[in-house]
Amino acid sequence: MSLKTICPLLQVANLERSLEFYTKKLGFQETLKDPGGFTILCRDDCLLFLAPKQREVDLRNATARLENDGYANYDLHIHCASGTLDALWKEYKDAGVSMGAAFENGPVTRDYGVRDFSVFDPDGYDLVFGESIDAK
């Protein structure tokens with residue numbers, strides 16, 4: 001037996017605004033939306049669940065951390081196929097997606113064997129897109 005995928009659930013303040021962002025800016029497709037607002041989005045092999053918040057609380061990981069240690073402040077890490085990260089960064093940059101200043105010129109290389117960049121959704125969730133650096 002082996003695990004195949006994980007489907008995170010993000011609680012969002014404005015579901016329609018979030019759906020617009022994830023579909024129009026990040027290229028996800030809506031595959032299911034129930035009458036209560038629970039929605040399933042997909043892009044390639046990734047699934048993402050959205051639901052409207054029912055209480056006003058800040059669920060971002062950055063608010064739970066005392067300091068920005070560079071490792072545990074983001075909300076989701078989406079692993080990308082090797083060789084696709086630069087094109088994805090350009091797609092999102094061209095779509096006007098909000099990114100941190102560190103990613104103004106493209107993905108960055110980390111000393112732990114990953115290249116990545118991150119974007120912020122309308123609720124301030126920090127979504128990291130990364131790929132492994134091929135060992136040479």
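This is a predicted model: local features need pLDDT of at least 70, side-chain atom pairs count only at pLDDT 80 or more; totals for chains, interfaces and linings use all residues.
## The largest pocket

The largest pocket holds about 590 Å³ of space. Its lining is made up of 23 residues, and those nearest the centre are Arg-43, Asp-45, Cys-46, Ile-78 and His-79. Two or more lining residues come from each of strand E4 (46–52), strand E5 (76–79), helix H3 (85–94) and E8. E5 gives the largest share, with four residues.

Sorted by class, the lining of the largest pocket has 16 nonpolar residues, four polar ones and three charged ones.

## Helix H1

Helix H1 spans residues 15–25, and its buried residues are Leu-15, Ser-18, Leu-19, Phe-21 and Tyr-22. These residues are on the same side of H1, because the arc they cover around the axis is only 160°. An α-helix has 3.6 residues a turn, so residues three or four places apart point the same way. The packing partners of the buried residues of H1 are strands E1 (9–12), E2 (29–33), E3 (39–43), E4, E7 (114–120) and E8.

At the start of H1, the backbone nitrogen of Glu-16 has a side-chain oxygen of Asn-14 within 3.2 Å. Just after H1 comes Gly-27, with a positive phi of about 80°.

## Helix H3

Helix H3, which contributes to the lining of the largest pocket, has Leu-85, Leu-88, Trp-89 and Tyr-92 as its buried residues. They lie on the same side of H3, because they cover an arc of only 100° around the axis. The face turned away from this buried side carries the exposed residues Ala-87 and Asp-94.

The buried residues of H3 pack against H1, E3, E7 and E8. Gly-96 follows H3 and has a positive phi, near 80°.

Glu-131 is in strand E8, which runs over residues 126–132. Its relative accessibility is 6%, so Glu-131 counts as buried. A polar atom of the Glu-131 side chain lies 2.8 Å from the backbone nitrogen of Gly-83, and a polar atom of that side chain is 3.3 Å from the backbone nitrogen of Thr-84.

Asp-116 is part of strand E7. With a relative accessible area of 5%, which is under the 20% cut-off, Asp-116 is buried. Its side chain makes a polar contact of 2.9 Å with the side chain of Arg-110. Leaving aside neighbours within four places in sequence, the contacts of Asp-116 include Leu-85, Phe-103, Pro-107, Val-128, Phe-129 and Gly-130. Leu-85 is among the buried residues of H3.

Gln-29 belongs to strand E2. It counts as exposed because its relative accessibility is 53%, the cut-off being over 50%. Aside from neighbours within four places in sequence, Gln-29 is in contact with Ile-40, Leu-41 and Cys-42.

Asp-44 sits in the loop between E3 and E4. It is exposed, with a relative accessible area of 70%. Most residues other than glycine have a negative phi. Asp-44, however, has a positive phi, near 55°.

## Lys-53

Lys-53 is located in the loop that runs from E4 to helix H2 (61–64). Its relative accessibility of 21% makes Lys-53 partly exposed. The side chain of Lys-53 reaches the backbone oxygen of Val-57 at 2.8 Å.

Apart from neighbours within four places in sequence, Lys-53 is in contact with Gln-11, Val-12, Ala-13 and Leu-59. Lys-53 and Gly-37 are separated by 16 residues in sequence and by 9.9 Å in space, C-alpha to C-alpha.

Note on methods: Residues are numbered from 1 along each chain as its sequence is written. Side-chain values use heavy atoms; hydrogens and water are left out. Buried means under 20% relative accessible area, exposed over 50%, partly exposed in between (1.4 Å probe, protein chains only). A polar contact is a pair of N or O atoms within 3.5 Å; within protein, one must be able to donate a hydrogen and the other to accept it, and residues adjacent in sequence count only if both atoms are side-chain atoms. On a 1 Å grid over the protein atoms alone, a cavity is a set of points where a 1.4 Å probe fits but cannot get out, and a pocket is an open set with protein on both sides within 12 Å along at least five of seven lines; lining residues have an atom within 4 Å of a point. Grid points are joined across faces, edges and corners, and a volume is the space filled by probe spheres set on the points. Ala, Val, Leu, Ile, Met, Phe, Trp, Tyr, Cys and Pro count as nonpolar, Asp, Glu, Lys and Arg as charged, and the others, Gly among them, as polar. The arc is that of the directions from the helix axis to the C-beta atoms. Contact means heavy atoms within 4.5 Å.
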